[in-house]
Amino acid sequence: MRGLSNEMASTTMDVDTVRAKINEDSVRLIDVRREEDYNQGHIPNAVNLPLASLLSDDSPERVVKLAEDMGIADDTKVVVYDDTFGALASRVAWTLQYIGHNNVALLEVTYSQWRELGLKTSTEKPNIKPAKHSLNLNPNILATAEYLENAKESDSVVLIDNRERLNFLEQHIPGSINIPYRTLATDGKILRTKESMRNLLQNRGIPEDAEIITYCGSVGTLSGLAYYALKSIGIPNVKLYVNSFKEWKKLEKPIDKQENAAYWDLSAE
Amino acid sequence: MAQQLRPSKSASKKPKVDWSRREEADNFAHTVKLYRQGKIDHDNFRRFRLQHGAYGTRMTDDYAMVRIKIPAGQIYPYQLEKIAQLSEMYSIGSAHVSTRENIQLHWVVLEDVSEIMHGLADVGLTSREACGNTVRNVMCSPLSGVCIDEEFDATPYAIATAKFLLRNPLNQALPRKFKFNFSCCENHGMTRITDVGLIPQIRELDGKNQRGFKIFLGGGLGNKSFVGHQLEDFTPEEDLLYTSIAVLQIFDRMGNRKNMARNRMRYLVDEMGWDKFQNLVLKQRTIVRATQSVIVRLNINQKPNEIKRPISVSNENGSVSDGYARWLKSTTYKQKQDGYRAVFVTLESGDLTANQLRAIAEITKDFSAEGFARNGFSQDIILRYVHESDLPKFYSRLLEAGLANSGSLTMASPVGCSGTSSCNLALTNSHRLAKEIQRKFLELKLDEDDDLRDATIKISGCPNSCGQHEIATIGFFGGGARVGKDMYPNYSMSLGGRFDDKAMLGVTCLRVPVKCTIPVILKIIELFKKNKQPHDTLSRWVDRIVHGNESSEIKSVGDMKKILSPLVIPPSKDDDPDFYSDYGSDTNYHTITGKGECAA
């Protein structure tokens, strides 16, 4: 693994470390909420990159440009946060990793939790000096539909669907198993403890040396969170099928369904 | 692994009993692994799984339903919050309140069941002996302690009985499942349709009041149903445990272990004859009393619950929300305690979302002076000790949570078992049908009709009575029928069932295709309105019909059948393709079932 220092190995950053790094100005915080939410208040010194803005064009060249505009150089420490249980932040963090920026972590709490903890917020926008960032694509963390289709036949590949249970029962990629995104969190944190994450995989019989591919409904947010949950316990080979089930269906690839049961009628939604 | 629950924002009460045992969760995880590795055979694993409260799921071995026992139905806010979280993490984001005061999580990956068990242990709950051939959740009327007709509160006795029996070697491998129901009075608990039903009674002896019970044995609903028999005039409280042990011992020794279809205790009672069975129980009780090597007694915690009205809430004299009067009338019960009501929260077939569970937890903390909720007998949750002056505010909080429907205490709140939504044995989607009927009743405002109030509708998706159709005023159980090659879902309808002191099983009337059930029910109501006597109710009118005591144009169930028959004629498939599919499905109906586990 390229450039894997101890610091980079951790996928989340705790609140105290983030606060210290804000004070010494040694971190670039990215707030991925909508612009109007950001304007009403954000973690001090955070820049705003709404997920929708990223997704409007997430070609590597543009992402490099976005990073440079946010003052992110190759060695800048980046921490991303959202207010959507870490899923949107995960997608942004993953995209940065994909263009070769490995020094990125998720804030371990959401913005709401940050506020509930009584921590400082601000409405000031930081002054950003653009930086220079190189492009070193990291294709090992991406799964395309074509890649997935071949890989999933292998016994050493585990395909994980992170949508909610009923959606999974209704339709899913053949051979996938379901770990709903809610399973990945714990009270007050966007990710489970390492111990409980390991335990979950162990119960499910998922070996830690397997190649794991995650997917969700459309743009790889929920499965992005799963990507980081798996990375948090050091699983070496995890890939995100970033275009997820929406693309899979559009390509008219095979779909499995839990047949002969009216499970939707158990939902009180 | 266990996850700590965030401390509740307001101090939430803690239960008196911790039902959990954390090591059972680890043991379960380990055993699932052995099973997946082929080191435990299917039958043994299934027995183990059921013993720990994980039930099979329709057409698959990959998923289970986890049945969380709520003894006496008493559930605390932080337990509701935990179940909400578990439902999102490991189930479908909704939970289901059963007819036996359990809370069920459906479509759980078998490998995740142990995670749920850990979560339950965090809040003192268990799923142990919620399924399998054990003593199931010990029920108690949700009105025990507040009922105007009760002689004393049976709750501590129900809790003590549950505590004595849980994990007790006495009931780990009975011939079949075994159920205790405690009631408050004749009307609010189903004491005559269960293995052991108990109604509290006080008698005067030598100028002193003595507590005891009226005990009914050998009742139960199922493929073949029976009404229970009263053991004796009065069973003093000190004999409660001895009687329970004696009955369990007799059932354990003499129950039918060969024929799965006839191994509930009611069959033993039926085959042996009541007199003989009764004698046996009384003799065995004498032996039990005489042969206990150490003093065995129920540990009854009589310490009264603290009743303390939460500091609230109702200082705003603003306008009362629309629909309040209707809701108040059809979902609340005036307690014997002055100024307080019990609110029966209206659910649809017992289902509620994780967020609704959280809302109920919050509302309980903010409004209930006893600080916990009670599950009921009809797939419902009851919040008691709500001060009358807080009710408008309470209602608006329910509105916010989408829980303010009317009708929980009326005919507009049918019971529907899980049916084809999860059960292996189901032939029809009874769960959804109950919701459809409820929506139609509310649309027509039938919950406001006093004549219908004490009538009930109950629906099972197969003949096995989990939906308790046989004790409903109008009951249905599901099956299939065909026109030529084309199948359609078809319900058998029975009339006149009841579970009070005149308990009886409904009388079969006719078969009703699923898409005709609502028109048929509405027709029955129309006929009743036309023929009723002044101050009559639907249930009384139906009662007269099934007993042949009615004097109007409909004198018997046969007359009723004749009038309703034109409504149930199948159209051709070309004319009405929808007739040939069940609710919740857009494909042609066909029956498909797996192996049941009730008897495993």
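**View 1. The contact between chain B and chain A takes 40 residues from chain B and 30 residues from chain A.** Residues count as in contact here if their C-beta atoms, placed from the backbone, lie within 7 Å. On chain B, at least two residues each come from α1 (23-36), α3, β4 (94-97), β5 (103-109), α4, β14 (351-353) and α12 (430-443), where helices (H or I, at least four residues) and strands (E, at least two) are DSSP runs numbered from the N terminus. This side of chain B divides into 11 nonpolar, 19 polar and 10 charged residues, with Ala, Val, Leu, Ile, Met, Phe, Trp, Tyr, Cys and Pro counted as nonpolar, Asp, Glu, Lys and Arg as charged, and the others, Gly among them, as polar. The model is predicted: local features need pLDDT of at least 70 and side-chain atom pairs count only at pLDDT 80 or more, whereas totals for chains, interfaces and linings use all residues. Residues are numbered from 1 along each chain as its sequence is written, and chains are lettered from A and ligands numbered from 1 in the order in which they are written.

**View 2. Domain 1 (23-122) and domain 3 (324-400) of chain B, with bounds from an automatic or database domain assignment.** Their C-alpha centres lie 27 Å apart, and the contact takes 20 residues from domain 1 of chain B and 22 residues from domain 3 of chain B. On the domain 1 side, α3(B) gives the largest share, 7 residues.

**View 3. Helix α3 (residues 77-90) and helix α4 (residues 113-122) of chain B pack against each other.** The contact is made by B:Lys82, B:Leu86 and B:Tyr90 of α3(B) together with B:Glu115, B:Ile116, B:Gly119 and B:Asp122 of α4(B).

Terms used
Axes fitted to C-alpha atoms, helices over the stretch in contact; angles between N-to-C directions. Contact = placed C-beta atoms within 7 Å.
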